[in-house]
Amino acid sequence: MKQVTVKDNIVIGFMLFALFFGAGNLIFPPFLGQEAGEAFWPAMIGFVLTGVGLPILGVIAISTVDNGVQALSGRVHPIFGLIFTTVLYLMIGPFMGIPRGANVAYEMGLAPFLGENVGGVSLALFSIAFFALVYWLSLNPAKIVDRIGSLLTPFLLLTIALIGFTGLFNLEPSFSNVTEKYESAPFFTGFMEGYLTMDTIASLAFGIVVISAIKAKGITARKAIINTTMKTGIIAGIALCSVYILIGVLGARMGSVSTFQNGGELLTAAAEQFYGAAGVILLGATVGVACFTTCVGLITACAQYFTSILPNVSYQKIVTVLTIGSLLLTNVGLNQIISLSVPILTMIYPLTIMLVVLSFFHSYFQGSNVIYISTLLLTGIVSVYDGLVSVGLPSIFAWLPLYAQGLGWIVPAVIGIVIGLLFIPKTKNSSRLT
């Protein structure tokens, strides 16, 4: 049997890192650092669990199935698999991932040079030009986008490393004061902030890319694929943790000097403070191009998925709809996009987490879909309603343990597992979806 070399593991590991480390991910750790301040370390540990640990587990979960995220979620029921996968692609695509990337490109690539003319018309003109180019390339996706991305990731890392380490050596070691948000439960708040990276739900889409890369090395046995995915996941996880901690500490120290509206603004201010206008230009250009290639990749991936489930609709039409939708949402603004995404992520993240967790015990309950149904049903009742609470519904699950920390779904999930286990002996011949 062919073996994957150490070099192959490192190459695939850094490819996975590049998939997760979109330019949009830059904005969360430094802002967490500013807001958490002296409570930085427990907050960052919570953030890393959902922003790094769960995404790596998600990729490993995908390595256990043959046909990607729809096969994994289809273990609950085929209809659930279709709906869940559709929502997943919409979230990493036109509903949040793409507009967020375009906004980061604007706020870090152009806004610093506009002075008081930021937003409104300037954002609209920028987004029209940005998405015109995205649309043009997405219609004819070529290897040049992947090549630019593979060359740009090391350059982006170098830029961030220069700014981050310069900050460590030049800024006072004191952290900013803890804000009210992180004062009572910094670990759990950081845990919830990790949702905003969307990397756990994105991992279910990215997993197939990693598996394809492993198979291209001649590895076809399931156990070998899973083992290789674990090794490459560890490499990617270490790299992600290192970057997040570096720019998170930078944010905590910059936060003791001034207050910023988001992580993009903070990093731009750091670049200007340490390297002047040249630093702002370098950071903005690098992040802008990285966001652009990410948006092209996401439009293409989403269009390919929706073409597969809507064979009567042309790829061009789907790209057109996705591009226009992303353009409109981009003009809502970065902070507003993040705020609007919180209820939806609150709904689907617990479902994603439990789907990933259950996948590791699939063989232990004979592949019965009963345990998937009971667990995700009880988890979903709490998480979906909890997402609706943010838009005005009264909170009826506040009595649940950990509810105040945003984790009220955990106890119902455990109850769902127990109920499912009780029914397994009676459903050994039930449908087993792999």
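F17 lies in helix α1 (residues 6-20) of a predicted model, in which local features need pLDDT of at least 70, side-chain atom pairs count only at pLDDT 80 or more, and totals for chains, interfaces and linings use all residues. Residues are numbered from 1 along each chain as its sequence is written, and side-chain values use heavy atoms, with hydrogens and water left out. Helices (H or I, at least four residues) and strands (E, at least two) are DSSP runs, numbered from the N terminus.

**Residue F17**

- F17 is buried, with a relative accessible area of 1%; buried means under 20% relative accessible area, exposed over 50%, and partly exposed in between, with a 1.4 Å probe and protein chains only.
- Apart from neighbours within four places in sequence, the contacts of F17 are T153, L157, A236, A239, L240 and V243, where contact means heavy atoms within 4.5 Å.
- From F17 to P401 the C-alpha to C-alpha distance is 35 Å, and the two are 384 residues apart in sequence.

**Residue F95**

- F95 is placed in helix α5 (residues 78-95).
- The relative accessibility of F95 is 44%, so this residue counts as partly exposed.
- With neighbours within four places in sequence left aside, F95 is in contact with L90 and L329.
- F95 and L358 are separated by 263 residues in sequence and by 27 Å in space, C-alpha to C-alpha.

**Helix α10**

- Helix α10 (residues 186-193) is largely enclosed by the rest of the structure, because six of its eight residues are buried.
- The buried residues of α10 are P186, T189, G190, F191, M192 and E193.
- Cover for these buried residues includes α2 (28-36), α3 (40-62) and α9 (180-183).

**Whole chain**

- The protein chain has 17 helices and zero strands.
- Its radius of gyration is 22 Å, close to the 22 Å that the globule rule gives for 434 residues, so the chain is as compact as a globular protein of that length; the radius is taken over C-alpha atoms, and the rule is 2.2 Å times the number of residues to the power 0.38.
- The C-alpha trace spans about 70 × 50 × 45 Å along its principal axes.
- Of the 434 residues in the protein chain, 54% are buried.
- Among contacts between residues at least 6 apart in sequence, 80% join residues at least 24 apart.
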